[in-house]
Amino acid sequence: MSLRGKLIEPQDADYETCRKVYNGMIDKHPTMIARCLDEADVIAAVNFARENDMLVAVRGGGHNGAGLGMCDGGLVIDLSLMKGSHVDPAAGTVQVQGGCTLGDVDHATHAFGMALPMGIQSTTGIAGLTLGGGVGHLSRRCGLTIDNLLEADVVLANGQFVKASAKENPDLFWALRGGGGNFGVVTSFLFRTHPISMVYGGPMLWELEDAKEVMRWYHEFIQHAPDEMNGFFAFLIVPPGAPFPEHLHLKNMCAVVWCYTGPQESAEKAFEPIRNFKTPALDLVGPLPVPALQSMFDPLMPTGMQWYWKGDYVKELTDEAIDLYIKYGSQLPTMLSTVHLYPINGAAARVDKKATAWNYRDATYAMVIAGIDPDSGNKDIITNWAKDYWQAVHPYSLGGSYINFMMEEGQDRVKATYGDNYNRLVEIKNKYDPDNLFRVNQNIIPASS
C-alpha cells in the first residue's frame, strides 16, 4: 500500500496509542492502521482493503462511543490527521476535512463571526457527527448539521472519488445525511454557516426534589419556545470544582444547559419567563462566545473514559415517563454519568422526513443515557445502570435512536432508527457498496449480503 501518511502495524511503537479511541471501554486490535494525509491515501487504503478482502473501519477525528472507528484484525482508515479547513466569508461557507473536530471547525468559523450547528463538545469529530445527523446547541435555530451540508467528497468502495450534492450524485447525498458511514469514506464536507458569534447560555441547576416540576415545565416551554432559544435537560452530579460553589459539589441535581442565539440586548427579557418559573439553585447563564459554550464540558470528559450509551427519540414526556426518568436519574452510578434530552424541534423539525435519511423529524428530543467513569472496574456498574434505565423509559419513546447515541445493538435497532427511509437506504447501499465493504458502523445491509 503506497501512502504519504504512515502505515502502523502491531510491532510499531505507536500502535498502542493509535489503536486507542475516545471510549476506554473499546479494546480492539487492527492488523493495520493507515494514517491518511490526503484523498490519494484514502483511495489507496480502500483499494488495498477491497483487493485483500480485509475488514475495514473508518476513523474520523473524534468520539464514536460504540468504538466503530476501530476493528479487530482488519484495516483502520484513519482520517484524524486530515484537519484542513477553509472559510469563504463571502459565500458564508466552510469546507473541512474528515479528521476535524468540532473545536477545529469552531476555530475556523468563529474568526469570521460564523458558526455551524453541531454538537455540544468540541472534541467530537465532525465526520461522524454529520453522517449521523448532528444534534447540538444550535439545532432549534439552524437545523441539524446535515441540514447545513452542501457537498461532500467521497471515496467509494470501488476506489472512485466522487462529489455528492443536490446536483451531483443526489441519491448518495441524500443517504450521507443521516445514513452514517455506510456509503463511502467522506474526506471533506462543505457546510453553510450562520452569522452567530456570541450566545447567551450556560447551565441552570435545580434541586432533585424539584425535578418533576422542572421537567413538566421544560417540556411545555421548549415546545413553544422561539427558535433562538435552545436548552437541553439533564440529570447530573455537580463536579467538585470551579465554577460550581462548594455547597453543591457532588450533589445529584437536574439542569438545563441553555443557548440563546437572539440579539444579546434581548437576552435578559427572553430569559424572564425561565427565571420567573422557579429560581434555580445555580444560574451560570450569560454572554458567551460560541466556542466557549461548545468546549465548556471538555475538561470533564478527557479521552479514555469508560462509556456506555443508550438512546431513544422521544416525543412526549408523560407523568409516568417523568417519574421513571427521575427514578433512574436520581441513581446516577458515578459522578460523570448523566442523562440528556436534546430538543430537536424548531428548525430541525421543519425539514421533511423524506428530505434526508434522518427519519425522526417529528420527535421532540434525542435522548441519551450515558454511563461514564474513568475506572474500568466500574464498567459493569455503568453499563447495567444505562441498560436498566433505557429498559424502563424505552416504552415511552418513538422506537428508534440517534445513531450517534447507540452502541452495537443489532439490526432491529438500525431498522427502527431509519423507519420508512430504511428501504431507500438499502437501494443506495446496493448501488454504492453492494459487497458491504463499509460495515463496521450502524450497518445498512445490502440486498446481496
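## Briefing: sheet, cores and cysteines

Strand β2 (residues 32-35) runs parallel to strand β4 (residues 75-78), and four bridges join the two. Strands here are DSSP runs of E with at least two residues, and helices are runs of H or I with at least four residues, both numbered from the N terminus. The model is predicted: local features need pLDDT of at least 70, side-chain atom pairs count only at pLDDT 80 or more, and totals for chains, interfaces and linings use all residues. Residues are numbered from 1 along each chain as its sequence is written, and side-chain values use heavy atoms, with hydrogens and water left out.

**The open sheet**

- Four strands form an open sheet of mixed pairing, in the order β1-β2-β4-β3; two strands pair if DSSP finds at least two bridges between them.
- β1 (6-8) and β3 (56-59) are the edge strands, each with a single partner, so one side of each has no neighbour in the sheet.
- From one strand to the next, the twist averages 20°.
- Helix α2 (residues 39-51) lies across β2, β3 and β4, at about 165° to β4. Axes are lines fitted to C-alpha atoms, for helices over the stretch in contact (heavy atoms within 4.5 Å), and angles run from 0 to 180 degrees between N-to-C directions.

**Nonpolar cores**

- A nonpolar core is a set of buried Ala, Val, Leu, Ile, Met, Phe, Trp, Tyr and Cys residues joined through side-chain atoms within 4.5 Å. Buried means under 20% relative accessible area, exposed over 50%, and partly exposed in between (1.4 Å probe, protein chains only).
- The largest core has 144 residues, of which I126, F235, W258 and Y325 touch the most other members.
- Strand β12 (residues 252-260) gives the most to this core, with eight residues.
- A second, separate core of 21 residues includes A45, V155, A157 and L437.
- Beyond its neighbours within four places in sequence, Y325 contacts M215, F235, V314, L317, V339, L341, M367, Y389 and V393.

**Cysteines**

- The whole structure has zero disulfides, a disulfide being a pair of cysteine sulfur atoms within 2.5 Å.
- The closest cysteine sulfur to that of C18 is in C36, 12 Å away, which is too far for a bond.
- C18 is buried at 8% relative accessible area, and C36 is buried at 0% relative accessibility.

**Annotated domain**

- An unreviewed UniProt entry lists residues 26-196 as "domain: FAD-binding PCMH-type". UniProt positions follow the numbering used here, feature names are shortened, and annotations may be inferred rather than shown by experiment.
- Over residues 26-196 the chain is 23% helix and 24% strand, with the end C-alpha atoms 36 Å apart.
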